[in-house]
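Thanks for coming, everyone. Let me put the model up, and then we'll walk through it.

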Amino acid sequence: MGRIEALRAYRALLRSTRKTFAGDGVMLRESAAEVRNKFEENRHVKSDADLSRLLEEAAEASHFISNMIVQAKLTDRGGYEVKPGKDHAGATFEVPSEDLLKKSVSS
């Protein structure tokens, strides 16, 4: 267990963020930076038990991003539209704050 598994987990997380946040430059950049930071923080981990735990957390994060987050899209009318896909069955709906929406649109 080690480098190859970590690289697979890293790539899976990046794929999840690219799919979920497609078209949202701010979230794409920020999520990629966060994924990179988390992997860099744990670069020194050598213990099989710790590696196993971290890889499981990465798999859970990838699943969560892909299946529990739906990106709202700004419509021509000035509102937001959410279109959950089949991947999102069972997800709960949480409305983001207006400040977060404005920040997302302005960037």
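A definition before the pockets. We work on a 1 Å grid over the protein atoms alone; a pocket is an open set of points with protein on both sides within 12 Å along at least five of seven lines, and lining residues have an atom within 4 Å of a point. Grid points are joined across faces, edges and corners, and a volume is the space filled by probe spheres set on the points.

Now the ground rules. This is a predicted model, so local features need pLDDT of at least 70, side-chain atom pairs count only at pLDDT 80 or more, and totals for chains, interfaces and linings use all residues. Residues are numbered from 1 along each chain as its sequence is written, and side-chain values use heavy atoms, with hydrogens and water left out.

So, the second largest pocket. It holds about 770 Å³ of space. The lining has 23 residues, and those closest to the pocket centre are Ala6, Tyr10, Lys38, Phe39 and Glu40. Which helices each supply at least two residues of that lining? H1, H2 and H3 do. H3 gives the most, with 7 residues. Helices here are DSSP runs of H or I, at least four residues, and strands are E runs of at least two, numbered from the N terminus.

Next, the rings. Rings of Phe, Tyr and Trp (its six-membered ring) pair if their centres lie within 6.5 Å; planes under 30 degrees apart are stacked, over 60 edge-to-face, the rest tilted. By that rule there is 1 aromatic pair. Tyr10 and Phe39 make an edge-to-face pair, with 5.2 Å centre to centre and 75 degrees between the planes. The pair links distant parts of the chain: Tyr10 is in helix H1, Phe39 is in helix H2, and they are 29 residues apart. Phe39 is partly exposed, at 24% relative accessible area. For the cut-offs, buried means under 20% relative accessible area, exposed over 50%, partly exposed in between, with a 1.4 Å probe and protein chains only.

On to the core. A nonpolar core is a set of buried Ala, Val, Leu, Ile, Met, Phe, Trp, Tyr and Cys residues joined through side-chain atoms within 4.5 Å. The largest one has 9 residues: Ala9, Tyr10, Leu13, Leu14, Phe21, Val35, Leu55, Ala58 and Ile65. H1 and H3 are the elements that give two or more residues to this core. H1 has the largest share, 4 residues.

Take Leu13 from that list. Contact means heavy atoms within 4.5 Å. Setting aside residues up to four places away in sequence, Leu13 touches Val35, Phe39, Ala58, Ala61, Ser62 and Ile65.

Now H3 itself. It has 21 residues and reaches 29 Å from first C-alpha to last, close to the 30 Å expected at 1.5 Å a residue. That expected span is 1.5 Å times one less than the number of residues. Its buried residues are Leu51, Leu54, Leu55, Ala58, Ser62, Ile65, Ser66 and Asn67. What covers them includes helix H1 (3-20) and helix H2 (25-41). Ala61 also sits in H3 (residues 48-68). Is Ala61 buried or partly exposed? Partly exposed, because its relative accessible area is 31%.

Last stop, the loop. Thr75 lies between strand S1 (73-74) and strand S2 (80-81). Thr75 counts as buried, because its relative accessibility is 14%. Beyond its neighbours within four places in sequence, Thr75 contacts Tyr80 and Glu81.

Conventions:
1 Å grid on protein atoms, 1.4 Å probe; cavity = no way out; pocket = protein on both sides within 12 Å on 5 of 7 lines; lining within 4 Å.
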